[in-house]
Amino acid sequence: MKKRIVLALLLFSSLQIFSQAYMTAGGVRLGTDWGLTLQQRIGKSMTLEGILQSSLQREEVMVTGLIEKHYPVVFRGLNLYVGAGAHKGWINEEDTDSPDGADFEDPFGLSFVGGAELTLGRLNFSYDFKPAFNLTGGEKKFYSQTGVSIRYVLLKNKVYKDLTKEKRKKKRKKDGNDDWKIWKKKD
């Protein structure tokens with residue numbers, strides 16, 4: 001029992017210590033739908049993700065915008081994440097007629113996502129489940145999508161850390177708070 005409590009405390013504390021290993025990453029998404037994905041970090045554990053995808057099951061192209069919350073697990077670079085956003089699709093004009101004669105409108109609706117990602121060096125791998133609910137249009141009201149994304153890290157998190165370090169340095173200089181530099185001679 002004690003081992004479980006210690007393990008739980010370590011896992012919980014790791015959530016507070018680590019953050020994402022990248023600022024910007026882009027690549028391909030393969031699964032029930034295939035396409036391109038781009039993620040941009042907007043906070044310590046938040047990203048915006050844009051997905052442009054084409055369906056293997058339906059004759060349509062879809063653009064999805066998601067905001068995602070990341071929860072680091074065990075070490076930096078391994079995250080669980082959840083998110084939500086909107087999607088807009090365009091149905092291929094030639095295939096708008098179904099076998100029963102019904103016309104389909106371009107879909108628009110809400111998308112949700114949940115998954116896990118691992119960043120190793122400049123490569124980011126993720127697997128997720130992305131249900132999509134059409135508010136208007138579409139072949140169906142609900143699309144169930146899963147995918148594996150392989151992204152290249154375009155901008156590492158180090159740049160973000162360097163920027164915040166520079167801001168702290170400028171603030172100390174502006175405030176005249178260089179007392180911690182004990183090796184410097186005081187006036």
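Two strands are taken to pair if DSSP finds at least two bridges between them. Helices (H or I, at least four residues) and strands (E, at least two) are DSSP runs, numbered from the N terminus. The model is predicted, so local features need pLDDT of at least 70 and side-chain atom pairs count only at pLDDT 80 or more, while totals for chains, interfaces and linings use all residues. Residues are numbered from 1 along each chain as its sequence is written, and side-chain values use heavy atoms, with hydrogens and water left out.

The protein chain has an average pLDDT (the predictor's confidence in each residue, from 0 to 100) of 80, and 71% of its residues score at least 70. The pLDDT falls below 50 over residues 6–19, a stretch that has 16 contacts in the model beyond near neighbours in sequence. A contact is defined here as heavy atoms within 4.5 Å.

Two helices and eight strands are assigned in the protein chain. Along the sequence, these elements follow the pattern α-β-β-β-β-β-β-β-β-α. The eight strands close into a barrel with antiparallel pairing, in the order β1-β2-β3-β4-β5-β6-β7-β8. From one strand to the next, the twist averages 25°; axes are lines fitted to C-alpha atoms, for helices over the stretch in contact, and angles run from 0 to 180 degrees between N-to-C directions. Of the contacts in the protein chain between residues at least 6 apart in sequence, 53% join residues at least 24 apart. Buried residues account for 33% of the 187 residues in the protein chain. Buried denotes under 20% relative accessible area, exposed over 50%, and partly exposed the range in between (1.4 Å probe, protein chains only).

Strand β1 (residues 22–31) is joined by nine bridges to strand β8 (residues 142–156), and the two run antiparallel. Within this pair, Thr24 lies opposite Leu155 of β8. Strand β1 also pairs with strand β2 (residues 33–41), in the antiparallel sense and over six bridges. Gly26 stands opposite Leu38 in β2, and Arg29 has Gly35 of β2 as its bridge partner. The hairpin that joins β1 to β2 runs through one residue.

Strand β2 pairs in turn with β3, again antiparallel, over nine bridges. Here the bridge partner of Arg41 is Thr47 in β3, and a hairpin of four residues joins β2 to β3. Strands β3 and β4 (residues 60–73) run antiparallel and are joined by nine bridges. Leu52 stands opposite Val63 in β4. The hairpin from β3 to β4 passes through four residues.

A search of the whole structure finds two salt bridges, a salt bridge being a side-chain nitrogen of Lys or Arg within 4 Å of a carboxyl oxygen of Asp or Glu. One is formed by Arg29 and Asp128, with the closest N and O atoms 2.8 Å apart. This pair links distant parts of the chain, with Arg29 in strand β1 and Asp128 in strand β7 (residues 123–136), 99 residues apart. Arg29 and Asp128 are both buried. The other is formed by Arg151 and Glu49, whose closest N and O atoms are 3.0 Å apart. Arg151 lies in strand β8 and Glu49 in strand β3 (residues 46–55), so this pair ties together parts that are 102 residues apart in sequence. Arg151 and Glu49 are likewise buried.

Arg29 counts as buried because its relative accessibility is 1%. The side chains of Arg29 and Asp128 are joined by a polar contact of 2.8 Å. A polar contact is a pair of N or O atoms within 3.5 Å; within protein, one must be able to donate a hydrogen and the other to accept it, and residues adjacent in sequence count only if both atoms are side-chain atoms. Leaving aside residues up to four places away in sequence, Arg29 touches Trp34, Gly35, Thr37, Ile51, Gln53, Asp128, Lys130, Gln145, Thr146, Gly147, Val148 and Ser149.
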